[in-house]
Amino acid sequence: MLPWEGKTIAGTTDSSVEITANPSPHENEIQFILDSISDYLAVQVRRQDVLSAWSGIRPLAIDPKAKDTASISRDHVVTVSDSGLITVAGGKWTTYRKMAKDTVDMAIKLGKLKPKNDCITANIRLIGSNGYTPSLFCELAQNYYRLKHQRHFYNKANISQDIAQHLSHAYGVRAFLVCEIAQDGFGKRLAHGYPYLEAEVVYAVRYEMAVTLIDVLARRLRLAFLDSKACHLALKRTVEIMAGQLNWDEKTIQKELKTAKEVLYTMTVGRQDEDTTHKSDIDHAAIGGELKARVIEEYDASV
């Protein structure tokens with residue numbers, strides 16, 4: 001179990017699965033995870049406390065020159081073909097820098113190159129980290145406001161503490177830019193009970209190359225993983241904003257909505273308000289509230 005964005009991630013299982021574009025979790029594996037974590041908790045975690053469940057297909061790399069399957073790796077593998085083509089396969093998001101380093105190191109070795117310096121990736125800071133301080137959220141809350149569009153008028157509101165803390169944690173000093181966008185009329189929350197702002201949708205499109213609804217709601221804001229139902233409710237406003245930023249026509253809007261709903265459908269499997277059955281393997285489940293004490297009330301409030 002891991003605390004994450006105000007929720008708790010529980011998992012994981014590992015099994016073979018048929019390859020599909022949107023794999024769905026097995027209901028029995030969700031229950032297996034719930035049964036497993038119950039041994040370590042003083043509270044009963046119910047099925048309806050699971051706000052989102054998801055699974056993924058992970059490629060396992062094997063050296064093409066290996067004589068058997070014993071060399072199958074859960075890490076990445078860098079290989080060189082007879083023609084000198086360098087290939088990196090396998091790996092995962094969290095090791096992308098190591099993957100890049102090993103690939104470049106292989107190119108240096110193969111090409112007998114003489115780089116001017118050693119690899120510097122370990123010292124390259126993430127965007128938004130230069131100038132960041134733990135008290136940044138206070139500056140955001142004190143110096144910015146949110147301009148919320150309310151039907152036929154705009155309503156001015158403060159940057160609350162939960163929003164300020166979220167923005168400073170997620171964007172570092174780039175949070176100032178997000179706040180400026182919020183002051184331009186994109187200051188409403190996307191989902192009740194969550195700190196995500198409309199301004200973040202605009203920011204994701206303008207500065208983070210987001211081009212689909214799932215890009216924003218799952219891969220940038222992570223709302224889909226935290227609460228699939230809340231994410232579904234945020235679709236309408238999110239598509240309105242993205243359509244305006246990317247000049248989508250009605251056909252594109254409907255296509256994006258259809259695709260996003262299909263993805264969210266796989267993440268709501270087994271919820272009491274859904275009558276669905278899916279087959280696949282599960283990686284994780286997001287559970288409402290941090291599991292620190294008797295927080296059943298928090299679960300109910302966050303659904």
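**Exercise 1. Helix H7**

State which residue with a positive phi follows H7, then describe how H7 is covered.

Solution. Arg222 follows H7, and its phi is positive, near 70 degrees. The model is predicted: local features need pLDDT of at least 70, side-chain atom pairs count only at pLDDT 80 or more, and totals for chains, interfaces and linings use all residues. Residues are numbered from 1 along each chain as its sequence is written, and side-chain values use heavy atoms, with hydrogens and water left out.

Helices (H or I, at least four residues) and strands (E, at least two) are DSSP runs, numbered from the N terminus. Buried means under 20% relative accessible area, exposed over 50%, partly exposed in between (1.4 Å probe, protein chains only).

Now count. Six of the eight residues of H7 are buried. They are Leu213, Ile214, Asp215, Val216, Leu217 and Ala218. Their cover includes H6, H8, H9 and H10. Contact here means heavy atoms within 4.5 Å.

**Exercise 2. Helix H6**

Explain why H6 can be called largely enclosed, and name its packing partners.

Solution. Start with the count: H6 is largely enclosed by the rest of the structure because eight of its 10 residues are buried. The buried set includes two glutamates, Glu198 and Glu200. Tyr203 also belongs to it. Next, the partners: the buried residues pack against H4, helix H5 (175–182), H7 and H9. Finish at the end of the helix: just after H6, Met209 has a positive phi of about 60 degrees.

**Exercise 3. Helix H9**

Follow H9 from its start to the residue just after it, and locate its kink.

Solution. Begin at the start. A side-chain oxygen of Asp227 comes within 3.2 Å of the backbone nitrogen of Lys229. Then take the axis. H9 (residues 228–246) has a kink of about 45 degrees, centred on Leu235. The bend at a residue is the angle between axes fitted to the seven residues ending there and the seven starting there.

Leu235 is itself one of the buried residues of H9, as are Ala234 and Thr238. The cover of the buried residues includes strand E3 (50–54), H6 (198–207), H7 (213–220), H8 (223–226) and H10 (250–267). Just after H9, Asn247 takes a positive phi of about 55 degrees.

**Exercise 4. Cysteines**

**Exercise 5. Ser55**

Solution. At 12% relative accessibility, it counts as buried.

**Exercise 6. The whole chain**

Give the helix and strand counts, the buried share and the share of contacts that join residues at least 24 apart.

Solution. The protein chain has 11 helices and eight strands. Of its 303 residues, 41% count as buried. Among contacts between residues at least 6 apart in sequence, 65% join residues at least 24 apart.

Definitions and conventions: A polar contact is a pair of N or O atoms within 3.5 Å; within protein, one must be able to donate a hydrogen and the other to accept it, and residues adjacent in sequence count only if both atoms are side-chain atoms.
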